[in-house]
Amino acid sequence: MIETVVLGVGETLTKDDRYWASWADWLGVPRHTVSALVGSVVTRGQDATDALRLLSPDMDVAAAYHAREVAGRGEHLSETDLYPDVRPALGGLRKQGIRVVIAGNQSPRAGELLRDLDLPADLVVTSEEWGVAKPDPSFFARVAEVAQAAPERTVYVGDHPAHDIYPAKAAGLRAAHIRRGPWGHWWADDPTVVQSADWRIDNLTQLASVVVG
């Protein structure tokens with residue numbers, strides 16, 4: 001039986017469209033251009049921020065991020081960015097006595113914004129707060145640590161095989177691949193994903209059956 005559920009953030013809990021749209025607006029390019037480039041680089045195995053460097057080859061992404069914050073155009077996260085099943089699904093898990101942890105590749109600011117939403121979770125933490133990002137094994141070692149459960153009783157939920165499913169399995173955790181967002185749909189039926197994931201789900205409400213299975 002699963003005792004702890006750990007969830008990624010982007011396209012697992014939140015929709016990423018506002019995030020990339022804000023970068024497009026900052027760079028002064030059409031929003032669909034950024035979306036298309038992000039999709040292209042990620043499916044080629046690159047980091048999503050490489051899409052920004054295609055538009056501005058000399059860009060220092062960290063410096064640009066800071067400049068946006070200073071200009072009052074930094075990260076923003078509200079209830080409308082959450083998928084509608086997030087609160088009921090996470091709340092239902094906690095009612096079942098399941099420990100719920102949110103841990104994804106985000107900035108400290110994103111961590112603050114997520115905690116301000118007061119989600120039904122026992123812990124909300126981001127990669128930059130830990131100082132290590134997915135898919136680094138050290139990230140999943142930290143996941144195993146904060147799970148407060150044996151690895152085989154912990155499930156990591158995410159949409160990206162290389163960032164979520166494969167490293168979680170390598171760390172001895174269980175893994176659930178969610179068919180959500182561009183990456184979740186792109187790799188939904190990939191044979192390696194099908195073989196690697198312990199569960200494949202279409203929404204977070206299906207986690208209720210996972211934890212008792």
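Buried residues are those under 20% relative accessible area and exposed ones those over 50%, with partly exposed in between, using a 1.4 Å probe and protein chains only. The model toured here is predicted, so that local features need pLDDT of at least 70 and side-chain atom pairs count only at pLDDT 80 or more, while totals for chains, interfaces and linings use all residues. Residues are numbered from 1 along each chain as its sequence is written, and side-chain values use heavy atoms, with hydrogens and water left out.

Begin by selecting helix α4, residues 61–70; helices (H or I, at least four residues) and strands (E, at least two) are DSSP runs numbered from the N terminus. Within α4, colour V61, A64 and R68, which are buried. Viewed down the axis of α4, its buried residues fall within an arc of 60°, so they line one face of the helix; the arc is that of the directions from the helix axis to the C-beta atoms. An α-helix has 3.6 residues a turn, so residues three or four places apart point the same way. Turn to the other side of α4, and A62, H66 and V70 are exposed. Show next α1 (17–27) and α3 (50–55), which are included in what covers the buried residues of α4, contact meaning heavy atoms within 4.5 Å.

At the N-terminal end of α4, select D60, which caps the helix with a side-chain oxygen 3.1 Å from the backbone nitrogen of A62. After α4 comes G72, with a positive phi near 75°.

Select β1 together with β2 (residues 99–104), and they pair in the parallel sense over 4 bridges, with V6 standing opposite V101 in β2.

Most residues other than glycine have a negative phi, and most peptide bonds are trans. E11, in the loop between β1 (4–7) and α1, has a positive phi near 65°, and E11 is buried at a relative accessible area of 6%. D118, in the loop between α6 (108–116) and β3 (123–126), has a positive phi of about 55°, but D118 is exposed at 61% relative accessibility. Lastly, select K134 and P135, whose connecting peptide bond is cis with omega near 5°; P135 lies in the loop between α7 (127–130) and α8 (137–147).

Notes
Polar contact = N/O pair within 3.5 Å; in protein donor to acceptor, adjacent residues only side chain to side chain. Pairing = 2+ DSSP bridges.
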